[in-house]
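User: I am new to this structure. Please take me through it by question and answer, starting with the terms.

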Amino acid sequence: MILLSDANILIDFANVGGLDSLVKLGTLEVLDVVLAEVDDLTEPQVSALGVRVVRVQETWFSEARVLKKAGLSLADALCLHYCCTNGHTLLSNDGRLRKACAENQVAVHGSLWAVLELHSRGICPPAVLCGWLSRWENELEARLPASELARVRREVGCTGFR
């Protein structure tokens, strides 16, 4: 499976030291324009973890502008275009981008899906995943839906974390 990461996913996982785990879910890619939005990560850093940096081609811009809807940034539209064109799955927590993916039949998942995948595949122990969920909610103020977060906590077996 090839996964294209939006900036918010990179930020979420970098903030908890989880990028090295995220790359184990499949081939992880990021567009160069998206990586440029992330202040604390550089191309050599993510490449060393196994993330493939994809250079945006000039020809993509006109097609991305067609996909650009109200509220989508150009970087979001480029992600959508890339996934539409190549059949890749997008990783994003951005509501507008996720809606645009649904409208364009592009598979999209967020941080909570990734946590469940890391758990079900035995890549990360529950204590690590529960720690990430706790940090995202309490320290890093990640915008995650409360009901979905509660469901993921139950599935992973988080007790004593808040």
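Analyst: A residue is called buried at under 20% relative accessible area, exposed at over 50%, and partly exposed in between (1.4 Å probe, protein chains only). The model is predicted, so local features need pLDDT of at least 70 and side-chain atom pairs count only at pLDDT 80 or more, while totals for chains, interfaces and linings use all residues. Residues are numbered from 1 along each chain as its sequence is written, and side-chain values use heavy atoms, with hydrogens and water left out.

User: How many helices and strands does the secondary structure of the chain come to?

Analyst: Helices (H or I, at least four residues) and strands (E, at least two) are DSSP runs, numbered from the N terminus. Counted in this way, the chain has 10 helices and five strands.

User: What radius of gyration does the chain have, and what value would a compact globule have?

Analyst: The radius is taken over C-alpha atoms, and the globule rule is 2.2 Å times the number of residues to the power 0.38. Along the principal axes, the C-alpha atoms fill a box of roughly 50 × 35 × 25 Å. For 162 residues the rule gives a value near 15 Å, which agrees with the chain's 16 Å.

User: What share of the residues in the chain is buried?

Analyst: Accessible areas come from the Shrake-Rupley method with a 1.4 Å probe, and for residues only the protein chains shown count as cover. The chain exposes about 8,000 Å², with carbon and sulfur atoms supplying 49% of that area. Of the 162 residues, the buried ones make up 48%.

User: Which parts do the buried residues of helix 7 pack against?

Analyst: Helix 7 spans residues 95-103, and its buried residues are Leu97, Ala100 and Cys101. Viewed down the helix axis, these fall within an arc of 105° (the arc of the directions from the axis to the C-beta atoms), so they line one face. Arg96, Lys99 and Ala102 are exposed on the other side. Contact means heavy atoms within 4.5 Å, and the buried residues pack against helix 6 (74-86), strand 4 (89-91) and strand 5 (108-109).

User: Which residue caps the N-terminal end of helix 7?

Analyst: The cap involves the backbone nitrogen of Arg96, which lies 3.1 Å from a side-chain oxygen. That oxygen belongs to Asp94.

User: What is the phi of Gln105?

Analyst: Gln105 sits in the loop between helix 7 and strand 5. At 71% relative accessibility, Gln105 counts as exposed. Its phi is positive although the residue is other than glycine, with a value near 55°.

User: Which elements are included in what covers the buried residues of helix 5?

Analyst: In helix 5 (residues 60-67), the buried residues are Trp60, Phe61, Ala64 and Leu67. Down the helix axis they fall within an arc of 115°, so they line one face of helix 5. Their cover includes strand 2 (27-31), strand 3 (52-54) and helix 6.

User: Which residues does Thr89 touch, not counting those up to four places away in sequence?

Analyst: Thr89 is part of strand 4. Its relative accessibility is 11%, so Thr89 counts as buried. With those neighbours in sequence left out, Thr89 touches Met1, Ile2, Leu3, Leu4, Cys83, Ala107, Val108 and His109.

User: How many salt bridges does the count come to?

Analyst: Side chains of opposite charge can pair when their charged atoms come close. A salt bridge is a side-chain nitrogen of Lys or Arg within 4 Å of a carboxyl oxygen of Asp or Glu. The count by this rule is seven.

User: How far apart are the closest N and O atoms of Arg153 and Glu137?

Analyst: Arg153 is buried at 7% relative accessibility, and Glu137 is partly exposed at 28%. The closest N and O atoms of their salt bridge are separated by 2.5 Å. Arg153 lies in helix 10 (residues 146-156) and Glu137 in helix 9 (residues 126-138), so the pair ties together parts whose separation in sequence is 16 residues.

User: Which residues are linked with Arg151 in a network of salt bridges?

Analyst: Arg151 and Glu148 both lie in helix 10, three residues apart, about one turn of the helix. Their side chains meet in a salt bridge of 2.3 Å, N to O. Arg151 is partly exposed at 27%, and Glu148 is partly exposed at 29%. In the network, Arg151 is linked with Glu148 and Glu155.

Terms used: Polar contact = N/O pair within 3.5 Å; in protein donor to acceptor, adjacent residues only side chain to side chain.
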